[in-house]
Amino acid sequence: MRHLTVAEQLLQSLGVTNPAEIDVEAIAWEAGATVKYGALESCEARIIGYRDRAIITVRGDGDWRRRRFSIAHELGHWQFHRGRSSICRASEIGSPREQGPALERQADRYAADLLMPAYLFRPMAQAYKRPSFEAVEALAKEFSTSRLATSLRFVDLSPWPCIIVCHGPEGRRWFRRSADVPTHWFPQNDLDPESSAMDVLYGRVRRSAPSLIGADAWFDRWNADRFNLREQSVKGHGDEVLSLLTLTDADMLE
Amino acid sequence: MSGGEKPSLSLHRLADELVADLMQLSDAELLAEVKAEGLDPEKEAARVRATISAALTERGKARLKAARSALDAARAPAPGARRHFQIQDRRAVLARFANDDSKLRDRLTMAARNGEGITDEEVEAILNDLRDLGAIDDEGNPT
């Protein structure tokens with residue numbers, strides 16, 4: 001059985017039994033941090049701490065779900081990096097890339113655990129018959145989180161072997177796969193013309209329906225043409241396209 | 001129920017007392033008590049665990065609710081204008097504070113170009129935070 005993370009233990013100590021109860025400002029207050037909103041020019045959020053008290057300031061404009069994640073990220077710094085003040089740029093908060101400064105990744109993991117605790121998220125994700133962006137968006141609504149943050153959590157915690165891939169016009173930008181997916185399934189840099197992601201990338205549709213496609217459209221591994229997988233793509237931020245790939249053939253997991 | 005006490009408060013107190021009573025009994029005493037009452041120890045243990053867990057959850061919810069109330073109250077606008085700092089070199093004060101904090105020090109020394117460095121307004125805001133936290137006084141001296 002999976003142990004509760006630090007953030008999940010905090011939520012349970014505060015009696016959180018459904019996502020609507022995750023009041024991130026009140027949780028911050030409990031942890032000794034006051035949340036303020038303001039005009040930040042050089043960063044997205046910061047935390048200034050002194051002894052056992054801290055002030056978290058988050059940009060007041062933009063998406064409120066993003067603000068929640070930023071607060072939770074700064075609380076992660078407060079939890080793990082107390083004694084330091086953090087001034088975080090937008091690129092340092094909620095990055096889907098697994099590289100980057102370790103302190104920021106640790107704060108991101110804390111934020112994901114706090115806003116989408118596994119003990120609530122996993123059973124709710126399992127209730128969907130199959131992975132789709134519709135399921136991700138429904139979960140995002142339940143947890144008051146962004147589609148991107150929720151899709152990353154979905155890949156990490158749902159029971160299906162899936163991969164989320166982000167492409168721009170110049171090629172693949174990043175991807176995340178669930179723990180069940182062997183690392184030799186490495187998405188190709190360029191989109192295949194057969195993939196519905198291409199229609200989304202070039203604006204012909206904003207979202208494709210989930211459909212089966214040959215795995216060789218996504219992977220150039222020697223045996224990829226033996227398998228099919230399910231793909232769905234949606235328009236992401238700016239010129240990005242997000243694709244959710246579900247490995248439907250058990251042989252791909254060996 | 002006692003006169004003016006809120007029902008939820010009584011419930012929490014009852015739950016606390018229940019937990020305290022159980023904790024005072026040894027395993028053998030507890031088992032003997034359960035058997036004497038003709039109860040199934042396994043079922044009874046599960047029932048007690050569920051009761052304790054529910055009580056702890058309720059207490060946690062009350063804590064979170066109290067935190068929300070406290071923070072709403074703290075956000076009420078304070079009377080009077082904000083005091084100005086009597087400091088010539090605000091960045092020097094912040095640099096002193098950032099001495100043991102490499103991330104803050106790096107951001108402070110970074111050029112303000114491309115929106116990467118901390119602007120004068122942000123320096124002022126951070127000093128305000130430090131004063132609100134009790135780290136410095138109006139002259140920027142450590143308290």
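Seven salt bridges are counted between chain B and chain A, a salt bridge being a side-chain nitrogen of Lys or Arg within 4 Å of a carboxyl oxygen of Asp or Glu. The structure is a predicted model, in which local features need pLDDT of at least 70 and side-chain atom pairs count only at pLDDT 80 or more, while totals for chains, interfaces and linings use all residues. Residues are numbered from 1 along each chain as its sequence is written, chains are lettered from A and ligands numbered from 1 in the order in which they are written, and side-chain values use heavy atoms, with hydrogens and water left out.

One of the salt bridges pairs the side chains of A:Glu25 and B:Arg75, at 3.1 Å from N to O. The rule also finds 13 residue pairs in polar contact across the interface of chain B and chain A, both residues being at pLDDT 80 or more. A polar contact is a pair of N or O atoms within 3.5 Å; within protein, one must be able to donate a hydrogen and the other to accept it, and residues adjacent in sequence count only if both atoms are side-chain atoms. On the side of chain B that touches chain A, helix H3 (41-74), helix H5 (102-109) and helix H6 (120-132) of chain B each supply at least two residues. H3(B) gives the largest share of that side, 10 residues. Helices (H or I, at least four residues) and strands (E, at least two) are DSSP runs, numbered from the N terminus. By class, this side of chain B has 14 nonpolar, seven polar and 12 charged residues; Ala, Val, Leu, Ile, Met, Phe, Trp, Tyr, Cys and Pro count as nonpolar, Asp, Glu, Lys and Arg as charged, and the others, Gly among them, as polar.

In total, 33 residues from chain B and 37 residues from chain A take part in the contact, where contact means heavy atoms within 4.5 Å. The two chains bury about 3,000 Å² between them, 52% of it on carbon and sulfur atoms. Buried area is the accessible area (1.4 Å probe) that two parts lose on being put together, summed over both.

Chain B has six helices and zero strands. Buried residues account for 27% of its 143 residues; buried means under 20% relative accessible area, exposed over 50%, and partly exposed in between (1.4 Å probe, protein chains only). Of the contacts in chain B between residues at least 6 apart in sequence, 53% join residues at least 24 apart.

Over all chains, the count comes to 27 salt bridges. Within chain A, the side chains of A:Arg153 and A:Glu8 meet in a salt bridge of 3.8 Å, N to O. A:Arg153 lies in helix H7 (residues 147-157) and A:Glu8 in helix H1 (residues 6-13) of chain A, so the pair ties together parts that are 145 residues apart in sequence. Both A:Arg153 and A:Glu8 are buried. A:Arg147 forms a salt bridge with A:Glu137, with 3.2 Å between the closest N and O atoms. A:Arg147 is in helix H7 and A:Glu137 in helix H6 (residues 133-143) of chain A, 10 residues apart. A:Arg147 counts as partly exposed at 23% relative accessibility, and A:Glu137 is partly exposed with a relative accessible area of 25%. Salt bridges that share partners also join A:Asp23, A:Glu25, B:Arg68, B:Asp72 and B:Arg75 into one network.

A nonpolar core is a set of buried Ala, Val, Leu, Ile, Met, Phe, Trp, Tyr and Cys residues joined through side-chain atoms within 4.5 Å. The largest nonpolar core has 54 residues, of which A:Ile27, A:Leu75, A:Leu114, A:Phe121 and A:Phe154 touch the most other members. Leaving aside neighbours within four places in sequence, A:Leu75 is in contact with residues including A:Val24, A:Ile56 and A:Tyr110. Apart from this core lies another, of 22 residues, among them A:Val165, A:Trp185, A:Leu191 and A:Ala224.

A:Met116 is found in the loop between helix H4 (102-115) and helix H5 (118-126) of chain A and is buried, with a relative accessible area of 0%. Not counting residues up to four places away in sequence, A:Met116 touches residues including A:Phe121, A:Phe143 and A:Arg153. A:Ser178 is in the loop between strand E6 (171-177) and helix H8 (196-201) of chain A, and counts as buried at 4% relative accessibility.
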